[in-house]
Amino acid sequence: MKNANHAILVTGGAGFIGSNFVLHWLRRRQGALVNLDLLTYAGNPGNLASLHGDSRYIPLRGDICDAELVASILREHRPALIVHFAAESHVDRSIADPGAFIHTNVQGTFTLLEQARRYWSELNEDERKAFRFLHVSTDEVYGTLAPDDPAFSETTPYAPNSPYAASKAASDHLVRAYHHTYGLPVLTTNCSNNYGPFQFPEKLIPLMILNALEGKPLPVYGDGSNVRDWLYVDDHCAAICAVLDQGRVGETYNIGGNSERKNLDVVRTICDLVDEFRPDAAIGPRDRLIKFVTDRPGHDLRYAIDASKITRELGWRPSLQFEAGLRETVSWYLENSAWIESVRTGAYRDWIRQNYEERVPR
Ligand code: NAD
Ligand code: DAU
């Protein structure tokens, strides 16, 4: 297997996708893995507790915006690969407070690219050839689709609509420029909505699972007709490995689950699963908890991904159907109440109050 023994630097590896990726990688590869993560509200070292005692795993708390820190990590650990997940990732937070998104997603990606370029330029020829900088991005950079539009492909023009999407678009452009101008061997992936274990319960699927379990209202924005394409997180991790191993340098690859669903249908399916696993006479059927609330400003109607390039070139395709993945995910949240309590801190409760208090029923 290519890259099996190479040292790798992961940023944001204590977040949702990052921690799933760290576990996925270390189950299959032998080299050291350095995880640079600031441990913001979204980062949780507990996601990686199972790696305790594994000498290949090197967790470092720090900021990707700190150029000196990034330079010293590269000098000391000499990674052959960088996989960049670290970001502010929640659209509603980007609407409430965009500054943090510009700082981490734009300035942070720039800092990482600049330090990577300096480090890479001093490697020997073989090391330079093997080096890869993989930037993990989102389908939201392409904007929104009408119901019958063709899915986003790698050539769809960028049209980001939220501060989050704009900050990710800016970071994608910087990554592209570092390849075009300096020859840095970059790869970019643009993926659709992920779901699965360790997702912070500010996002749709874990929020709805926990509220349904506890008999709380299920706040559906607008009329629930917005469509997202859903991908099980471990399938995303497998796609990133395929791009790292075989992706063509300088290219972008769209990654998707081929599972477009309306939000209201996703929430209803969650209700059915929670009713099945944890029936509760006092709560009754969970779909009665659904409440239509004030919409997200600028809410993108539909995302859909044409993943034919990564399938054709690298042989990757999603392994799990959405309904099977959702069943596993609901089970995971029901079985991991200690993890849930560890992430529902005071700051989390403040965010829930801030985001939902002013959303009136429609
Ligand atoms: P997340 O919010 O769960 O995790 C982000 C991680 O980055 C956290 O561990 C946090 O502590 C860390 N971090 C934040 N600022 C940092 C900084 N300045 N320095 C170092 N670390 C910092 O995010 P996620 O959902 O796992 O998303 C990971 C990446 O994948 C993001 O770049 C996101 O844009 C992208 N993405 C996410 C999805 C999705 O559905 N969640 C889909 C496509 C792409
Ligand atoms: O498409 C990829 C993107 O998916 C990633 O780049 C982002 O990091 C990730 O957060 C996600 O963005 P979304 O905005 O699509 O995800 P979120 O879970 O916040 O919302 C999914 C849909 O559900 C969206 O249409 C808004 C709606 N929603 C969300 C919440 C939190 C509700 O109706 N009610 C809610 O309470």
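## The largest cavity

By class, the lining of the largest cavity consists of 3 nonpolar, 3 polar and 4 charged residues, where Ala, Val, Leu, Ile, Met, Phe, Trp, Tyr, Cys and Pro count as nonpolar, Asp, Glu, Lys and Arg as charged, and the others, Gly among them, as polar. Among these lining residues are E140, R228, R296 and D300, together with H299 and Y303.

The volume of this cavity is about 50 Å³, and a search of the whole structure finds 1 cavity of 30 Å³ or more. A cavity is a set of points, on a 1 Å grid over the protein atoms alone, where a 1.4 Å probe fits but cannot get out, and lining residues have an atom within 4 Å of a point; the volume is the space filled by probe spheres set on the points, which are joined across faces, edges and corners.

## The ligand site

Ligand 1 is surrounded by 28 residues, each with a heavy atom within 4 Å of the ligand, and they divide into 13 nonpolar, 12 polar and 3 charged. β5 (132-138) is one of the elements that supply at least two residues of this shell, and β5 gives the largest share, 3 residues; strands are DSSP runs (E, at least two residues), numbered from the N terminus.

An oxygen atom of ligand 1 is 2.7 Å from an N or O atom in the side chain of S89, and an oxygen atom of the ligand is 3.0 Å from a polar backbone atom of T40.

## Basis of the model

This is a predicted model, in which local features need pLDDT of at least 70 and side-chain atom pairs count only at pLDDT 80 or more, while totals for chains, interfaces and linings use all residues. Residues are numbered from 1 along each chain as its sequence is written, chains are lettered from A and ligands numbered from 1 in the order in which they are written, and side-chain values use heavy atoms, with hydrogens and water left out.

How values were computed:
A polar contact is a pair of N or O atoms within 3.5 Å; within protein, one must be able to donate a hydrogen and the other to accept it, and residues adjacent in sequence count only if both atoms are side-chain atoms. Helices (H or I, at least four residues) and strands (E, at least two) are DSSP runs, numbered from the N terminus. On a 1 Å grid over the protein atoms alone, a cavity is a set of points where a 1.4 Å probe fits but cannot get out, and a pocket is an open set with protein on both sides within 12 Å along at least five of seven lines; lining residues have an atom within 4 Å of a point.
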